[in-house]
Amino acid sequence: MAGLSKGSIAALIAAAVGALCLALESSAPWLVKFPAAWVLPATDWVGAFMEWFLALIKPTARAFSALMFYPMEAANYVLSHTPWPLVICATTALAWTLGGVRMALMAVVGLGFVLASGYWPESMNTLALVAVSVPLALIIGGGIGILANEFPKIRQPVQAVLDIMQTVPTFAYLTPLLVLFGFGPVVGLIASAIYAAPPMARNVLLGLERVEPEIKEAAIMAGGTRLQQLFQCEIPSAGQQIMVGVNQCLMAALSMVIIAAVIGGFDDIGWEVLLTMRKAQFGQSLLAGLVIVIFAILIDRMSGTLTQDRRDMHDARIAWGIVALGVVVSAAFWGSIQQPGAYGLFNPVADSVDRGLSSFTSANAEFLTALKNNVLFYVLLPMRIGLDQAVLPFTWGFAWTPMMSAALFAAGAAAGVVFALRGRVALGVMLLIAAGMLETGISQLPWPFVLVGAGALAWVAGGRNLSVLTVVLLGTILLSGLWERALLSLYLSGAAVFACALMGGAIGLASAVSPGVWRVVRPVCDMLQTIPLFVFLIPVLMVFQIGEFSAFLAIIAYAIVPMIRYTRHGLVSTPDEMIEAATASGATTWQMLKDIRAPYAAPSILLGLNQTILYAFAMLVIAALIGTTGLGQSIYLALGQADVGLGISAGAAMAILALIADRMVQGFAEERRKALGL
Amino acid sequence: MRTSGARLSTPPLTELTQVSGSETPAITCRNVWQVFGNNADSALKEALSRHETPEAAAQDLRGKGLIPAVQDASFDVKEGELFVIMGLSGSGKSTLIRCISHLLHATGGEIRIDGENIVEASPKRLIELRRKKLGMVFQHFGLFPHMTVAENVAYPLRVQGVKKKQRLAKAQEVIELVGLGGREKNFPRELSGGQRQRVGIARSLVADCSVWFLDEPFSALDPLIRRQLQDEFLEIQAKLRTTIVFITHDINEALKLADRIAIMRDGKVVQIGTPADIVLRPVDDYVREFSKDVAKGQHAHVSSVMQPGEHHVYGADDPGLRQDMTLDAALARCMELYEPVPVRTDDGKLVGVVNPADLAAALQVEQG
């Protein structure tokens, strides 16, 4: 074994364990399926503990909830009772101040659309929630960031907690909050504040850490007290990064407020989407979804200007003029202003979308069903339950025979041997393992193989510590009885990530090679990244109905963006000297891409893959709304039944999967970066 | 933190580091150590008690994975003196100036400013000292990006609670002094490098400091601007006569500005002396290497090569040399005694004449 690389050793170990499991399948079934008798009732324990704990802090929570009720009502009252011309004008004035004519136009058109759609009151309800939760999140997040900066000892633990909070799926927050605060909008408010605080904390800390040392020293030498240094010099110097935090905080709060509509109790725009979706009124659902998108884009672009280095100052007099116009119009037409909810200009459009959709689906039923079934039968199902069970006369037209299994393994082994002989042992063994996984299906992989395989991979990626961490965390899932659901989640997100990596990589490559492609792709990416998770469900649901395939598509649509962006960015950001040196050596465009740009881009592309994985996990839980199996479904069910134990355990299991994937990919990326000396 | 009891070695540079006379030096450093790493304090104490020489102690610390960035630095700076610390990057010069300005807490030793040991000063006292006594200029300027030129310059007064009108008026004065009048409302990003450093200089002067720290203030500027700022800096110093600790890695800058120069290498002060000492009497090859490319004639004076002259008999020629003339100037005077000499081709044909005085003048570097 002396001549083998770390990767080859790991692959060989994993392959050996897998082969052993397969061989012993008939004589020792417990090797494949983890026996139910060994499962610890961890979910119940977590539930019991959490219920005890929640009961303990419930009075405080309820008091806080009662307290939060007032600002929320106030914000709600102000927003819904202010005449809409004034709201529109005030927003436009703000947009003008921040971004000039373009931004102002965007605000007018966007809010005009919202008004015309008839969803104005619901939108204002949503905005009221955001308006209260964001300041809360900014204060909490900013405070955490500043404290972590002041006390370097707590910096690492704080970072770790922030990491975990970002990987815990959104729905998982909701169940304990529901028990704590009872049904109602306050849960949405608190959930969105909790969800939106980490990005703020992260950026504040990052900004403060990145303040030039000499600026800090200059503040000290000027004779400032620590508070003077912090508030007069360091925080303003970090302003741009902190504004990035504010922007992310706003977007997270909006996204969460809309997701929180699932628990209902508040007549907001997210609820409207959910309601119309359930009634299969897709035209209206799309309309409400568009309203959400408009708000998301407006908030994002307007707060985005704050993060820019040099802002043009726009004339404040014009802003005041616009506000004055709003006041005048409101006063002049006080009696004749229609109730903002009464407009329904787009209802006919929505209806015709519905009609058009049903005629489209019925006209193309054959094609759509074929597309869906093909992907299901030939891709998703084999990945899930393996070729041996997925290949049936009903689906593939023939039955899977042991002969075919043998042939598959033989093919894998042959390819493996070929590569091994060429000196690429790790790749060869991995091909063999892939053949085995294809035969078995991800959801039915023997648990010892998954543990050992993941442990081995983690060892290659990040050394012994990561390997131990991976095995222990996966072991926790195994013992808690959520194993099968976790594998189901792993399979669906894995399939989606795989698809994203292929397609996103290809699109990223095309964008890097051709500026024309990037000009088209870029606004689409911007758009997709701004849209709250929830809205992705509408179009896939319209065309493909409830089911795994729709969820698969929604996950891809959401998670593909980072892959595209990072791939392109990595490929185009090769230093000029390297390009010049390659050109001077006589490299063709293709050689340049293959030999210079691609290796240099590898760390960046891996980071993109990492983001894609995290995005896929986040969307997986949301996609549970339209029918997926696995952990996402459990979290969603727990929410419906207010089952804290299941909600928390399933949420933790999701977080564990995301965390392990994150660390592994980061490990590989780090290794590449080191190899390149970056 | 007083280590006087534990010190066994005597500083080797005593005669150069001690200021003659009874007045208190503006800055006194005695056996200053700055060690980076875990538990640096106790590790240094232990190393000092175990070894005789600072070199051995430093070696011991390095062996334990600690970094002795400044080792056993001792010197005095007189009031109104321009003291330059010179060394290559990594020699510990920036660390040393940060110990003296107490941006870093010295791991060991004693640093006195006007007789007060600042290593032991309370945080409150330090703030007071910085407000009243100390000013500092940074290599990369350290300007606050969100403040205008005037606000940057007035900031040291702002933290003291000086009223806005008053502090802006005072800031205006210093801004004029550094030649930035008319730029008050600009932000740092709108200025060139040279202008930014003028802002940094103005800010450090606004509170009427008596001890002025400059950490490679001109290194980030291009050569022409650097020269210009050096000259202006000397003019300002001639007006204010503050005590200055000036860090640089440029030997020419050090020779041009300094009253005395300390040369550092690997955390140790290897030589302290006047510019002429450094150029003419380097203590080792390291210092010699520095002064190799220096036009010595500019920095050394006649007195440094003069010999006792009682037994000589002099001719009629007297070029009129004085002790404090630079060697360049003295040479030029001597050359004036010669008549013009011929210049020929290889085969002996006369092509012209050269005046030796012109030769000497052509070799001289113009003094700014």
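Which helices do the buried residues of α6(A) pack against? Point 2 takes this up.

1. Basis. This is a predicted model: local features need pLDDT of at least 70, side-chain atom pairs count only at pLDDT 80 or more, and totals for chains, interfaces and linings use all residues. Residues are numbered from 1 along each chain as its sequence is written, with chains lettered from A and ligands numbered from 1 in the order in which they are written.

2. Helix α6(A). The buried residues of α6(A) pack against α2 (42–81), α7 (185–209), α10 (239–259), α25 (589–623), α26 (631–641) and α27 of chain A. Helices here are DSSP runs of H or I, at least four residues; strands are runs of E, at least two; both are numbered from the N terminus. Of the 12 residues in α6(A), 11 are buried. Buried means 20 or more other C-beta atoms within 10 Å of the residue's own, exposed means 12 or fewer, and partly exposed lies in between, with C-beta atoms placed from the backbone. Among the buried ones are Phe171(A), Tyr173(A), Pro176(A) and Phe181(A).

3. Helix geometry. Residues 170–181 of chain A should span 16 Å at 1.5 Å a residue, and the end C-alpha atoms are 17 Å apart, which agrees. The expected span is 1.5 Å times one less than the number of residues. Gly182(A) follows α6(A), with a positive phi near 75°.

4. Core. The largest nonpolar core holds 303 residues. Such a core is a set of buried Ala, Val, Leu, Ile, Met, Phe, Trp, Tyr and Cys residues joined through C-beta atoms within 7 Å. Helix α27 (residues 644–676) of chain A gives the largest share, 18 residues. Met619(A) is one of the residues with the most contacts inside the core. Beyond four places in sequence, Met619(A) is in contact (C-beta atoms, placed from the backbone, within 7 Å) with Leu533(A), Ala554(A), Ile555(A), Tyr558(A) and Ala559(A).

5. Interface. Chain B puts 17 residues in contact with 16 residues of chain A. On the chain B side, α5(B) gives the largest share, 3 residues. That side divides into 10 nonpolar, 5 polar and 2 charged residues. Ala, Val, Leu, Ile, Met, Phe, Trp, Tyr, Cys and Pro count as nonpolar, Asp, Glu, Lys and Arg as charged, and the others, Gly among them, as polar.

6. Strands β11 (residues 341–344) and β12 (residues 350–354) run antiparallel, joined by 4 bridges. Pairing requires at least two DSSP bridges. Pro342(B) partners Val353(B), and Val341(B) partners Val354(B). Between the strands lie 5 residues, and Gly348(B) takes a positive phi near 90°. β12(B) is hardly covered: its count of buried residues is 0.

Conventions. Contact = placed C-beta atoms within 7 Å.
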